[in-house]
Amino acid sequence: METWSVAGQPTTTSNMPGLLLGDELPNFEVETTAGTVKLHEYFGDSWGILFSHPRDYTPVCTTELGRVARLSGEFSKRDVKLIALSVDSLEDHRNWSKDILAYNCEETEGCELPYPIIADNKRELAVALGMLDPVEKDKNGIPVTARCVFIIGPDKTLKLSLLYPNTTGRSFDEILRVVDSLQLTAHKQVATPTEWMPGGCVMVPPNMPEEEAAALFPIGVFSKEMPSGRKYLRYTPDPQDRKGCEPPPAEPELPTTL
Ligand code: BEZ
């Protein structure tokens, strides 16, 4: 396995500590385009998203950070604070931000990127959080950051993570969708099915007894007959929407032509 010297330490992808579901985000002090911040204080009592990209001044990253800028109002509505990260310098982040805004906004005069970018030049967070991509390297042959997303709850623990390679840009609409699911399921005893969107049917967790489900979801619980005869596919309306719900078909329709 390839080993790189990162901040004087021999590093491989297998000895990056990483962050797993339920782990507390370490309270790193970081240099950002908005000054020095400590991550816990920056996120405060809000939800937080820490997302990394490989390099400044690259095309896919520019589209991604531009999309996040455009969606920042949607994240604020959900009380989510955003912070980006790469191993580039603060100076690069500041200058590249103007390109991101120019790509993204009709009017850039007086505009600022609505979230800070961390300069992790020493790769301290990248190694501690398992963000390095062994495929994409800087001019010294040291890996740069992959496209990670960490969604942190108000209790500072990891609720969800995504890890994409440098060649595949992320969908931040999907990240908004999963924030909606995480926030709903943090407060209500439900789970959300594939492709769920707010207002769609939610699912009753498999370990919940029928009587408890009936009491908890008075609008109704609909179960779908399964060949096994087991009643585990149980739907109920989105408890934050209160409309009735039609269970979706078991399988989405596939295109008929190959
Ligand atoms: C990009 O953002 O376009 C990119 C960055 C690193 C490798 C490949 C693509």
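Figure 1. An oxygen atom of the ligand sits 3.3 Å from a polar backbone atom of Pro59. For Val60, a polar backbone atom lies 2.7 Å from an oxygen atom of the ligand. Cys61 also takes part: one of its backbone N or O atoms is 2.8 Å from a ligand oxygen atom. Taken alone, the ligand would expose 260 Å², and the protein buries 85% of that area. The model shown here and in the other views is predicted.

**Figure 2. The shell around the ligand.** Which residues surround the ligand? They are Pro54, Thr58, Pro59, Val60, Cys61, Glu136, Arg147 and Asn166. By residue class, the shell holds 4 nonpolar, 2 polar and 2 charged residues. Helix α2 spans residues 59-77 and gives the most to this shell, with 3 residues. Arg147 of the shell is found in strand β10.

Figure 3. Is Arg147 buried or exposed? Arg147 counts as buried because its relative accessible area is 2%, and the cut-off for buried is under 20%. The side chain of Arg147 reaches the backbone oxygen of Asn166 at 2.5 Å. Asn166 is itself one of the residues around the ligand. A polar atom of the Arg147 side chain also lies 3.4 Å from the backbone oxygen of Pro165.

**Figure 4. Strand β10, a covered strand.** Strand β10 runs over residues 147-152. It is mostly covered, with 6 of its 6 residues buried. Its side chains point two ways. Arg147, Val149 and Ile151 point one way from β10. Cys148, Phe150 and Ile152 point the other way. Both groups are buried.

**Figure 5. The partners of strand β10.** Strands of a sheet pair through backbone hydrogen bonds, in a parallel or antiparallel sense. Strand β5, residues 47-52, pairs with β10 in the antiparallel sense over 4 bridges. Gly48 stands opposite Ile152 of β10. Strand β11, residues 158-164, is also joined to β10, here by 6 bridges, and the two run antiparallel. Ile152 stands opposite Leu158 in β11. How many residues lie between the strands in the hairpin of β10 and β11? There are 5 residues between them, and in this hairpin Lys156 takes a positive phi near 75°.

**Figure 6. Strand β6 beside strand β5.** Strand β5 also meets β6, and 6 bridges join them. These two strands run parallel. Ser52 has Leu85 as its bridge partner in β6. Why is β6, residues 80-86, described as largely enclosed by the rest of the structure? The reason is burial: 6 of its 7 residues are buried, so the strand is largely enclosed.

**Figure 7. A sheet of 3 strands.** This open sheet has the order β12-β14-β13, with antiparallel pairing. Its edge strands are β12 (202-203) and β13 (222-223), each pairing on one side only. Strand β14 covers residues 234-236 and is joined to β12 by 2 bridges. Val202 has Thr236 as its bridge partner in β14.

**Figure 8. Pro209 in its loop.** Pro209 sits in the loop between β12 and helix α6 (210-216). Pro209 counts as partly exposed because its relative accessible area is 39%. Leu113 is 96 residues from Pro209 along the chain, and their C-alpha atoms are separated by 48 Å.

**Figure 9. The whole protein, for orientation.** The secondary structure comes to 6 helices and 14 strands. The C-alpha atoms fill a box of roughly 60 × 50 × 50 Å along the principal axes. Of the 258 residues, 44% count as buried. The protein exposes about 14100 Å², and carbon and sulfur atoms supply 52% of that area. Among contacts between residues at least 6 apart in sequence, 62% join residues at least 24 apart.

Note on methods. Residues are numbered from 1 along each chain as its sequence is written. This is a predicted model: local features need pLDDT of at least 70, side-chain atom pairs count only at pLDDT 80 or more; totals for chains, interfaces and linings use all residues. Side-chain values use heavy atoms; hydrogens and water are left out. A residue is near a molecule or strand if one of its heavy atoms lies within 4 Å of it. A polar contact is a pair of N or O atoms within 3.5 Å; within protein, one must be able to donate a hydrogen and the other to accept it, and residues adjacent in sequence count only if both atoms are side-chain atoms. Accessible areas come from the Shrake-Rupley method with a 1.4 Å probe; for residues, only the protein chains shown count as cover. Ala, Val, Leu, Ile, Met, Phe, Trp, Tyr, Cys and Pro count as nonpolar, Asp, Glu, Lys and Arg as charged, and the others, Gly among them, as polar. Buried means under 20% relative accessible area, exposed over 50%, partly exposed in between (1.4 Å probe, protein chains only). Two strands pair if DSSP finds at least two bridges between them. Contact means heavy atoms within 4.5 Å.
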